[in-house]
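Q: Can you take me through this model? I'd like to go over confidence, cores and pockets.

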Amino acid sequence: MASKKAKKKQQEGGHSNVFSMFDQTQIQEFKEAFTVIDQNRDGFIDKDDLKETFAAMGRVNVRSEELESMLKEASGPINFTVFLQMFGEKLKGTDPEDSIVNAFKVFDPEAKGVLKKEFIATLLTTQADKFTKEEVDQMFSAFPPDVAGNLDYKNLCYVITHGDDKEGE
């Protein structure tokens, strides 16, 4: 007969070492992201939470099938432990640049490789650990958008993970 602790662990996703995959700072950042997505604050991410999160970011016509597909990636209801496990599995074997680019791709459904400066500025100043206007301005001074006001996030991710070639000059 399984112990209460083992049963609880199994209900939470069954992965005892999920928290050892990340340092405390990373876990806190994932917790903040989970809290932003868990719109109804019930401790689980469901279809309505995802739909509301996309809507809050300006993407209102998300297909139901797309949301269901995202939810099916989990083995069951998505609580924080399962959420963390899913990220651990996605990040395992990827380099940091791929991870960051993939995060930006969530906001680029047409895969253009760029995002509007205003959109990024709004996200950074209104979600999770909010940036100040000065911090956003500093970022855009280091990574200026193109003439159309688009930020090339793939280039940004490269510079973040590899450094700017111009730094040594």
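Q: OK. What is the average pLDDT of the chain?
A: The chain averages 81, and 84% of the residues score at least 70.

Q: Which elements have the lowest and the highest mean pLDDT?
A: Helix α1, residues 4–11, has the lowest mean at 42. The highest, 93, belongs to helix α4, residues 64–72.

Q: And where does pLDDT stay under 50?
A: Over residues 1–15, for which the model has 10 contacts beyond four places in sequence. Where pLDDT is low, the predicted coordinates should not be read in detail.

Q: Moving on to packing. How many residues are in the largest nonpolar core?
A: There are 18. Phe30, Ile45, Ile78, Phe80, Phe83 and Leu84 have the most contacts inside this core.

Q: Which helices supply at least two residues of this core each?
A: α2 (24–37), α3 (47–56) and α5 (80–91). The largest share comes from α5, with 5 residues.

Q: What is Ile45 in contact with, leaving aside neighbours within four places in sequence?
A: Phe34, Ile37, Leu50, Leu71, Ile78 and Phe83.

Q: What does the second core include?
A: That core is separate and has 15 residues, including Val101, Leu115, Leu156 and Val159.

Q: Now pockets. What volume does the largest pocket have?
A: About 2,300 Å³. Its lining consists of 46 residues, and Ala33, Phe87, Ala103, Val106 and Phe107 lie nearest the centre.

Q: Which elements give two or more residues to that lining?
A: α2, α3, α4, α5, α6 (96–105), α7 (117–126) and α9 (153–162). The largest share, 7 residues, comes from α2.

Q: How does the lining of the largest pocket split by class?
A: 30 residues are nonpolar, 8 are polar and 8 are charged.

Q: And how much space lies in the second largest pocket?
A: About 310 Å³. Of the 15 residues lining the second largest pocket, Phe107, Asp108, Pro109, Leu115 and Phe119 lie nearest its centre.

Q: Which element gives the most to the lining of the second largest pocket?
A: Strand β1, residues 114–116, with 3 residues.

Q: What classes of residue line the second largest pocket?
A: The lining has 8 nonpolar, 2 polar and 5 charged residues.

Technical notes:
Residues are numbered from 1 along each chain as its sequence is written. This is a predicted model: local features need pLDDT of at least 70, side-chain atom pairs count only at pLDDT 80 or more; totals for chains, interfaces and linings use all residues. Side-chain values use heavy atoms; hydrogens and water are left out. A nonpolar core is a set of buried Ala, Val, Leu, Ile, Met, Phe, Trp, Tyr and Cys residues joined through side-chain atoms within 4.5 Å. Buried means under 20% relative accessible area, exposed over 50%, partly exposed in between (1.4 Å probe, protein chains only). Helices (H or I, at least four residues) and strands (E, at least two) are DSSP runs, numbered from the N terminus. Contact means heavy atoms within 4.5 Å. pLDDT is the predictor's confidence in each residue, from 0 to 100. On a 1 Å grid over the protein atoms alone, a cavity is a set of points where a 1.4 Å probe fits but cannot get out, and a pocket is an open set with protein on both sides within 12 Å along at least five of seven lines; lining residues have an atom within 4 Å of a point. Grid points are joined across faces, edges and corners, and a volume is the space filled by probe spheres set on the points. Ala, Val, Leu, Ile, Met, Phe, Trp, Tyr, Cys and Pro count as nonpolar, Asp, Glu, Lys and Arg as charged, and the others, Gly among them, as polar.
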